[in-house]
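Trainee: I am new to this structure and would like a close look at a single part, the sheet and what surrounds it. Please take me through it slowly.

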2 protein chains.
Amino acid sequence: MHAEIIAVGSEMLTPHRQDTNSLYLTDKLNELGVEVRFKSVVGDNAEDLTAAAKLAMRRSEIIVFMGGLGPTEDDLTREAVAEALGLKLARNPEIVARLEERFAKRGYKFSLNNAKQADVIESAVVLPNANGTAPGQWVSGRYDGKDRILILLPGPPMELKGLFEGECIPRLKSRIPEQHIAIRELKIALMPESQVDAKVAPLYKTYTDIQTTILAGAGEIQLHLRCQKPTQAEAEKRVEELAEKIEDELGDAIFSRKGESLEQIVSYFLQMRGLTLAVAESCTGGLLAQRITSLGGSSRYFLGGAIVYSNELKTQFANVPKLLIDKHGAVSREVAAALAEGIRKRCLSSYGIGITGVAGPTGGTEQKPVGLVYIALAGDEGTQVVERNFPGDRKRIRWFATQQALEMVRRALM
Amino acid sequence: MHAEIIAVGSEMLTPHRQDTNSLYLTDKLNELGVEVRFKSVVGDNAEDLTAAAKLAMRRSEIIVFMGGLGPTEDDLTREAVAEALGLKLARNPEIVARLEERFAKRGYKFSLNNAKQADVIESAVVLPNANGTAPGQWVSGRYDGKDRILILLPGPPMELKGLFEGECIPRLKSRIPEQHIAIRELKIALMPESQVDAKVAPLYKTYTDIQTTILAGAGEIQLHLRCQKPTQAEAEKRVEELAEKIEDELGDAIFSRKGESLEQIVSYFLQMRGLTLAVAESCTGGLLAQRITSLGGSSRYFLGGAIVYSNELKTQFANVPKLLIDKHGAVSREVAAALAEGIRKRCLSSYGIGITGVAGPTGGTEQKPVGLVYIALAGDEGTQVVERNFPGDRKRIRWFATQQALEMVRRALM
């Protein structure tokens, strides 16, 4: 079965706004065994919208519209879909009453244009919206002699998600033959895509019934495995078999099997073992601490640390001897180690991380070019320092450095 | 004149990948006076692609295809566009030679499928790609009796941008009547959209010849003004007139007129006045430092600071008296002020910022709920503390807190 997603709104045809809801919808539709065949963005224009609806009904069984259900003159999705299907709109007095009540509760005036949100396409099921004013609509229609499902959802992500999960998934499930799909999402840090692929391609190529996708992100490779079988048990067994072979091949390079982020994995390990962490960051300037503390509850294992941009602060906050900096330079193996050890001592943490490098775009020299970063991890078992030459721009170099630091903590804790 | 953008690639119909090139293209097309009327994503399927190309040619004058020009069997854009136009493809021996040379230089084997990238649509202009293997193509064709421009670009952003700027913009300029468009991008921090709109709507509504767009982001409102006139001078004069009225109305709430970020503006001010900054962050956990140091050259005005997640570190790194924390709690006006003053003293910076709060999702109490954040700024002129109750989740609360901190620095420097 195929679906098509139409994002409605002229703002998404400007350089400033983008549809992101469709990623969520695609995920949910895929879980039901429905593939998304087209996505499009159409402006707030009745003619364009009607044409887009007709085109979509010619080629796809399920069509999801997102947006254009509000109270303004620009909100035209209801009208356009009704027009495309040759159906009428009728104002639903129950919805009007609910809207009036909602407005009264908040002490707002109910202006007439708001009633527009109560216009329902003939034969449509109204999908109540707990998180906003405009309800969704579900239309089982026929077009060109074929059965079509049209779903109208509001654009705000919270409203859209609430409606799709609460009202649409159960309805879709009852119309789609039950699917048995097993998925795995393996993640690998800091290995080039070509190297991962060279190792795993011989494995997954023999599993022609498993759809394998390799996604390369910044400092991270994801392997998505997806298998559909007549029963869930068969699908799980099959995908597990391939996942295990890949794990045998890549070993502990795989940090996640369920799609968790590297900071989440480090968080699990630290909490499980009752250990703590502190950081002293120079070129990453707080990015590592920020990533760690982006997780709620991180105060259980993260104590804090220092951003030691200036050399004085490297000494002041992480006890790095001035002489050491003078001798080896701020960007050096020795200073990275001293930062990790110093911050560990100062914070009384189980582990200390030190990062120093040249993030660019300026500040590079022949000996110490942009991209050169030293990352150190100090713990009971001693201190290790890694030297890296990261490619790319400032943003990328800083990201890779934090990825390397987290990966070192993960490996130390394994 | 209208354009339509078609992103080609099945990976963009999964939950994992999204077209982002179209934002860049839209920006560039708008600058030329071309509006984007539709955007769509089509998978690597010859039939779907040909149908999409035909549909686009029916409704738009300029059609830009992105992706599907590589060497694999899945790369079908050339074939589909040729089919839609009823034109033939021919292998171009010069491009083959260039590809062979490129491969030889890198010591790679040139396999036959790579030659596919040299297939050129009859009558097309080849657009050389300095950043990759697949050249772009420019086709001036006729469809249904109407003149159409079809542009085929590779998907990787660097290649696409290089080709569009170097090869396409000059060609488009020669075909499109010269446009005279003036734009302004005003930014306002930490004011609700409704409040901004209430103040500026009476102004921009009288300028019907200026397109005004209000965009609300996290802790930031953007006002985009765009005006088209027969001459550039007229357009500039008109848009400047409205911008000045808006500035009179909003005053120093406007932090940027050219779209700069808040951290950029703070950076200009600090450098202009030769001042420095240090931070002591609790709940924001490094996010503020990270934002400040995301700019190259930030070491000129940012010294560093401390992430003081634990109470011990608030004392250790920012001199906050233990008694003060015991008396008022870590999340308090007093501790925020002490953090700002302490870190300023320790780092010997012109300004010190202290942030302490409850970012959630756990840790809130009745007196100190999730979202409560104190932000302090200490300088020569004394210390100011702001108490805020930010709405939303952890990510949003932390972002708002850093936005508030930067805004306080900006206002202090004005």
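Mentor: What follows describes the sheet, the helices on it and the contact between the chains.

This is a predicted model, in which local features need pLDDT of at least 70 and side-chain atom pairs count only at pLDDT 80 or more, while totals for chains, interfaces and linings use all residues. Residues are numbered from 1 along each chain as its sequence is written, and chains are lettered from A and ligands numbered from 1 in the order in which they are written.

The sheet is open and has 10 strands, in the order E17(A)-E16(A)-E15(A)-E13(A)-E14(A)-E14(B)-E13(B)-E15(B)-E16(B)-E17(B), with mixed pairing. Strands (E, at least two residues) and helices (H or I, at least four) are DSSP runs, numbered from the N terminus. Two strands pair if DSSP finds at least two bridges between them. At the edges are strand E17 (382–389) of chain A and strand E17 (382–389) of chain B, each of which pairs on one side only. On average, neighbouring strands of this sheet are turned by 10 degrees against each other, direction ignored. For angles in general, axes are lines fitted to C-alpha atoms, for helices over the stretch in contact, and angles run from 0 to 180 degrees between N-to-C directions.

Where the chains join, E14(A) and E14(B) run antiparallel and are linked by five bridges. In this pair, A:Ile307 stands opposite B:Gly305. Within chain B, strand E13 (residues 277–281) and strand E15 (residues 351–357) run parallel, also with five bridges; B:Leu277 is opposite B:Tyr351 there.

Helix H10 (residues 311–318) of chain B packs on the sheet, touching strand E14 (302–308) of chain A as well as E13 and strand E14 (302–308) of chain B. The direction of H10 makes about 150 degrees with that of E14(B). Helix H12 (residues 333–347) of chain B lies across E13, E14, E15, strand E16 (372–379) and E17 of chain B, at about 145 degrees to E15(B).

As for the two copies, a rotation of 180 degrees with 0.1 Å of shift along its axis superposes chain B on chain A (RMSD 0.1 Å), by least squares on the C-alpha atoms of residues with pLDDT of at least 70 in both. The copies are therefore related as by a two-fold rotation axis.

Note on methods:
Contact = placed C-beta atoms within 7 Å.
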